Amino acid sequence: MKYWLGANTGPGFTVGNEIKRLEIRGYAGNIWVTNDKDAAVAWAARNSLTEKTRAQAVTIQETAIANNVTAWNNISDADVKGQYTPSEGAIP
């Protein structure tokens with residue numbers, strides 16, 4: 001697996017069947033996980049993503065989640081009634 005840092009740039013971020021073919025998954029903190037095919041490296045280069053180690057990716061994700069939870073906790077109860085606390089799945 002490869003781990004990448006960078007923002008989704010919108011249209012053109014993925015083309016055709018790249019999501020399925022490269023097994024692209026997005027996580028909190030602008031972390032993207034792909035398989036390790038050469039095409040995944042080309043996709044990341046096209047989107048100006050920076051490769052990270054798994055440990056770096058997990059740290060970035062955990063920091064983003066902690067920041068989101070802190071922001072969530074600072075919102076008044078009236079503003080969040082019926083919503084869920086932010087969370088994210090574990091990076092593989």
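Two strands are taken to pair if DSSP finds at least two bridges between them, and strands themselves are DSSP runs of E of at least two residues, just as helices are runs of H or I of at least four residues, both being numbered from the N terminus. The structure is a predicted model, in which local features need pLDDT of at least 70 and side-chain atom pairs count only at pLDDT 80 or more, whereas totals for chains, interfaces and linings use all residues. Residues are numbered from 1 along each chain as its sequence is written, and side-chain values use heavy atoms, with hydrogens and water left out.

Under this criterion, β1 and β4 pair in the antiparallel sense over three bridges, and Leu5 stands opposite Thr50 in β4. Four strands form an open sheet in the order β2-β3-β1-β4, with antiparallel pairing. The edge strands of this sheet are β2 and β4, each of which pairs on one side only, and the twist from one strand to the next averages 35 degrees; here axes are lines fitted to C-alpha atoms, for helices over the stretch in contact, and angles run from 0 to 180 degrees between N-to-C directions.

Two helices were examined against the sheet. Helix α2 lies across β1 and β3 and runs at about 5 degrees to β1, while helix α3 (residues 54-73) lies across β1, β2, β3 and β4 and runs at about 100 degrees to β4; contact means heavy atoms within 4.5 Å.

Within α2, Ala40, Trp43 and Ala44 are buried, where buried means under 20% relative accessible area, exposed over 50%, and partly exposed in between, with a 1.4 Å probe and protein chains only. These residues lie on the same side of α2 because they cover an arc of only 95 degrees around the axis, the arc being that of the directions from the helix axis to the C-beta atoms. The cover over the buried residues of α2 includes β1 (2-5), α1 and β3 (31-34), whereas the face turned away from the buried side carries the exposed residues Asp38 and Ala45. Just after α2, Ser48 takes a positive phi of about 55 degrees.

Asn47 is placed in the loop between α2 (38-46) and β4 (50-52) and is buried, with a relative accessible area of 8%. The side chain of Asn47 reaches the backbone oxygen of Trp43 at 3.0 Å. When residues up to four places away in sequence are not counted, Asn47 touches Thr9, Gly12 and Phe13.

The C-alpha atoms of Ile24 and Tyr3, which are 21 residues apart along the chain, are separated by 9.9 Å.

In helix α3, attention falls on Ala64, which is buried with a relative accessible area of 15%. Ala64 touches Ala28 and Gly29, not counting residues up to four places away in sequence, and the C-alpha atoms of Ala64 and Asn30 are 8.8 Å apart in space, although the two residues are 34 residues apart in sequence.

Notes. Polar contact = N/O pair within 3.5 Å; in protein donor to acceptor, adjacent residues only side chain to side chain.
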